[in-house]
Amino acid sequence: MQLHPRFFGQNLRENLVSKLIKDVEGTISGRHGFVLVVTGIESIGKGLIRDGTSFVTFPVKYRCVVFRPFKGEVLEAVVTTVMQHGFFAEAGPLQLFVSNHEMSDGMEYQAGEMPNYTSSDASVRIQKESEVLLKITTVSVVATEIVRTISITLFTMQLK
Amino acid sequence: MSGEEEENAAELKIGEEFLKAKCLMNCEVSLILEHKYEQLQQVSEDPMNQVSQVFEKSLQYVKRFSRYKNPDAVRQVREILSRHQLTEFELCVLGNLCPETAEEAVAMVPSLKVKGQIAIVMSCGLLRYDLVLLTFFFPSSLAL
């Protein structure tokens, strides 16, 4: 963590922690996923003055909660948009896409005011706001987002 | 992401870092995020503006997909699941998805079968029974 000298003084630790929280919470990395919240500070090391600047760098060890989905993992998601070639769903901050090629046989796209996928025996319908259980097959980290493509709708639960 | 070993949660190939880390179920994360949100509410009139979209979406998600709301029930669930020889990751997926049958459990956590823990899979029925018992002790703890 880097801090400008104007933050030094009695509230140094407080300032460091606030800056850490501001800088780190809500960020995304390919390695750790989404950082949701900082839950504690383990240690703050000695500050080192950076050459040529008045900034001081402090090594900070902290604990946090991250959301890091994995290929092969099964998780619940909420359908957001249904289209002819597949549907988008969200699991919190994570965007997921299921292409129609990856759905179980018999799922047919139905266009209309509320586009959806319906099974051939009409027992299952996937539409906006449906809760679905998905298995992650591919991962792509796009710029600052992580997008997962999904295959196989295992079980679906309908709202209404 | 390291390409050393092909990542695959179905075989518990999630990297040393994550195998060692503590894994949290949705209901546990919900308690943490709600606590943070309450802290923000005390200092600001509009806490939603103070948090990132990541936080907001995550909070909505874990609240929606939490099976248990009561903190004591949440502790009990972890305690029940810890009795079986599961990794943190497996424990949390089971706690989140609550499979009703052994087939469902293996579909959700394939590593159970691969590890040869058929006994655990068989006892999933008992696991479900234990978890269902919780609803009698903590009736208000089930998410709607």
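**Note on a predicted two-chain model**

1. Glu131(A) and Arg64(B) form a salt bridge, with their closest N and O atoms 2.9 Å apart; the term denotes a side-chain nitrogen of Lys or Arg within 4 Å of a carboxyl oxygen of Asp or Glu. This pair crosses between chains, from strand 13 (residues 131-142) of chain A to helix 4 (residues 53-64) of chain B. Helices (H or I, at least four residues) and strands (E, at least two) are DSSP runs, numbered from the N terminus. Glu131(A) counts as buried at 14% relative accessibility, whereas Arg64(B) is partly exposed, with a relative accessible area of 31%. Here buried means under 20% relative accessible area, exposed means over 50%, and partly exposed lies in between (1.4 Å probe, protein chains only). Glu129(A) joins Glu131(A) and Arg64(B) in a network of salt bridges.

2. On the basis of the note: this is a predicted model, in which local features need pLDDT of at least 70 and side-chain atom pairs count only at pLDDT 80 or more, while totals for chains, interfaces and linings use all residues. Residues are numbered from 1 along each chain as its sequence is written, chains are lettered from A and ligands numbered from 1 in the order in which they are written, and side-chain values use heavy atoms, with hydrogens and water left out.

3. The interface between the chains takes 37 residues from chain A and 31 residues from chain B, contact meaning heavy atoms within 4.5 Å. The area buried between chain A and chain B is about 2,800 Å², and carbon and sulfur atoms give 65% of that area. Buried area is the accessible area (1.4 Å probe) that two parts lose on being put together, summed over both. Of the area that chain A buries against chain B, 23% is supplied by Phe70(A), Lys71(A) and Glu76(A), more than by any other three residues.

4. The count between chain A and chain B is 7 salt bridges, and over all chains the count comes to 15. Another salt bridge joins the side chains of Arg68(A) and Glu7(B), at 3.0 Å from N to O.

5. In chain A, 3 strands form an open sheet in the order 2-3-6, with antiparallel pairing; two strands pair if DSSP finds at least two bridges between them. Its edge strands, each pairing on one side only, are strand 2 (28-29) and strand 6 (60-67) of chain A. Strand 2 of chain A is joined to strand 3 (residues 33-44) of chain A by 2 bridges, and a hairpin connects these strands through 3 residues. Ile28(A) stands opposite Phe34(A) of strand 3 of chain A. Strand 3 and strand 6 of chain A are joined by 8 bridges; Ser43(A) has Lys61(A) in strand 6 of chain A as its bridge partner.

6. Arg63(A) lies in strand 6 of chain A and Glu42(A) in strand 3 of chain A, 21 residues apart. Arg63(A) is partly exposed at a relative accessible area of 39%, and Glu42(A) is partly exposed at 48%.

7. Helix 1 (residues 12-24) of chain A lies across strand 3 and strand 6 of chain A and runs at about 160° to strand 3 of chain A. From the other chain, helix 2 (residues 26-43) of chain B packs on the sheet, touching strand 3 and strand 6 of chain A, and its direction makes about 75° with that of strand 3 of chain A. Axes are lines fitted to C-alpha atoms, for helices over the stretch in contact, and angles run from 0 to 180 degrees between N-to-C directions.

8. Chain A also has an open sheet of 3 strands in the order 10-11-12, with antiparallel pairing. Strand 10 (108-110) and strand 12 (125-127) of chain A are its edge strands. Strand 10 of chain A pairs with strand 11 (residues 116-118) of chain A over 3 bridges, and Tyr109(A) stands opposite Tyr117(A) in strand 11 of chain A.

9. Chain B has 10 helices and 0 strands. Buried residues make up 44% of its 144 residues. In helix 6 (residues 88-97) of chain B, 9 of the 10 residues are buried, including Phe89(B), Leu91(B) and Val93(B). Cys98(B) follows helix 6 of chain B and has a positive phi, near 45°.
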